[in-house]
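Colleague: I have a model open and would like to learn how to read its side-chain features. Could you take me through them one at a time?

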Amino acid sequence: MNLLSQSTAPSTSLSPSCFLPRHPHAGFSSGTFKFLKKESRCLRKAGRTKITAKFELKPPPYPLSALEPIMSQETLEYHWGKHHRTYVDNLNRQIDGTDLDGNSLENTIVITYNKGDILPAFNNAAQAWNHDFFWESMKPGGGGRPSGDLLNLIERDFGSFEKFLDEFKTAASTQFGSGWAWLAYKESRLDVENAVNPLQSDEDKKLVVVKTPNAVNPLVWNYYHPLLTIDVWEHAYFIDFQNQRRDYISVFMDKLVSWDAVSSRLEQAKALIKEREREAERKRREEEEKRTSSEAIPEIYSDGDADLDAE
């Protein structure tokens, strides 16, 4: 069976949230959109006979057997080949012919999260993204300790690498039911457009550990940049660890984490933050110049003054 083949199942006649506006550009503000209630529906274009939405199931960046004996090929075949594939196929069915079709996966997640009033396509969109991020968070021969700026920030923000490990493992093991645990890089911002921001503070940029239920991920909170995740849905570990979630979490951190990937994501997040800060400073200066210009009072001369100057 070709796990990467596109589905050609016929679409249904109704589409949830199909009046959501298109916005193909990354970095948009969710405040741009006027969201509809979850029960909103509209007809797809007549005559559609197959799925044309373009999200694809990406393979992990290593062979399915590469993580053995820690994570078995059987687990990858089921988890990636069946569960992940289902999220991608269902998402393509849900957005096909709607105004969500054509958005990036990240934009689709933010739009359909809808400030917590979740729209139908959110779960499949977020789970498709979460799993891509999860596969790329691991590598054969992973684990150990990070180095460089990442390790320095971990030690600064958690006290030590060991304390970070304890906090991350606790978050993952105490997530009730299905969900995810994350290491994220948080910007020092308080304004929140899309969701209630956890751990709000006016502290400087810092690393934080958060956990999320079901499909939710840090992309739905403005100014949180995910760096690492672990999937704690039971299907992620049951074949290899049965119901021993804590054992799975420990082995994941000790033997599978790709600190190279985490470090690369940190550098990308820092670059994006600097770009945002430069743009914010540019806008601030423009506003300051406009205000200064509007407050300037022109000097007015009377006819008498002009005569005196002439003398």
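Modeller: Start with a charge over a ring. This is a predicted model, and in it the charged end of Arg265 sits over the ring of Phe133, 3.6 Å from the ring centre.

Colleague: Which residues are in the cluster that ring pairs link with Phe133?

Modeller: Ring pairs join Phe133 to a cluster that also holds Trp129, Phe134, Trp135, Trp180, Trp182 and Phe252.

Colleague: How many aromatic pairs does a search of the whole structure find?

Modeller: The search gives 16 aromatic pairs. One of them is Tyr113 with Phe122: the ring centres are 5.3 Å apart and the planes meet at 55°, so this pair is tilted.

Colleague: Are Tyr113 and Phe122 buried or exposed?

Modeller: The cut-off for buried is under 20% relative accessible area. Tyr113 has 12% relative accessibility, so Tyr113 counts as buried. Phe122 has 0%, so Phe122 is buried too.

Colleague: What does a stacked pair look like here, for instance Tyr237 and Tyr248?

Modeller: For stacking, the planes must be under 30 degrees apart. Tyr237 and Tyr248 have 25° between their planes and 4.9 Å from centre to centre, and the pair is stacked. Tyr237 has a relative accessible area of 4%, so Tyr237 is buried. For Tyr248 the value is 1%, and Tyr248 is therefore buried as well.

Colleague: Now salt bridges. How many does a search of the whole structure find?

Modeller: It finds 15 salt bridges. One is between Lys270 and Asp149, where the closest N and O atoms are 2.3 Å apart. This pair also links distant parts of the chain, with Lys270 in helix α8 (residues 259–295) and Asp149 in helix α4 (residues 148–158), 121 residues apart.

Colleague: Why are Lys270 and Asp149 classed as partly exposed?

Modeller: The class runs between the buried limit of 20% and the exposed limit of 50%. Lys270 has a relative accessible area of 22%, so Lys270 is partly exposed. Asp149, at 31%, is partly exposed for its own value.

Colleague: Which residues do salt bridges with shared partners join into one network?

Modeller: Arg145, Glu155 and Glu162 form that network.

Colleague: What is the average pLDDT, and where is it below 50?

Modeller: The protein chain averages 80, and 72% of the residues score at least 70. Over residues 1–49 the pLDDT is below 50, yet the stretch has 107 contacts in the model beyond near neighbours in sequence. Residues 191–197 also stay under 50, with 23 contacts beyond four places in sequence. Where pLDDT is low, the predicted coordinates should not be read in detail.

Terms used: Residues numbered from 1 in each chain as written. Heavy atoms only, no water. pLDDT = per-residue confidence, 0-100. Contact = heavy atoms within 4.5 Å. Phe/Tyr/Trp six-rings, centres within 6.5 Å; stacked < 30°, edge-to-face > 60°. Buried < 20%, exposed > 50% of the residue type's maximum accessible area, 1.4 Å probe, protein only. Lys NZ or Arg CZ within 6 Å of the ring centre and 35° of its normal. Salt bridge = Lys/Arg side-chain N within 4 Å of Asp/Glu carboxyl O. Helix = DSSP H or I, 4+ residues; strand = E, 2+ residues; numbered from the N terminus.
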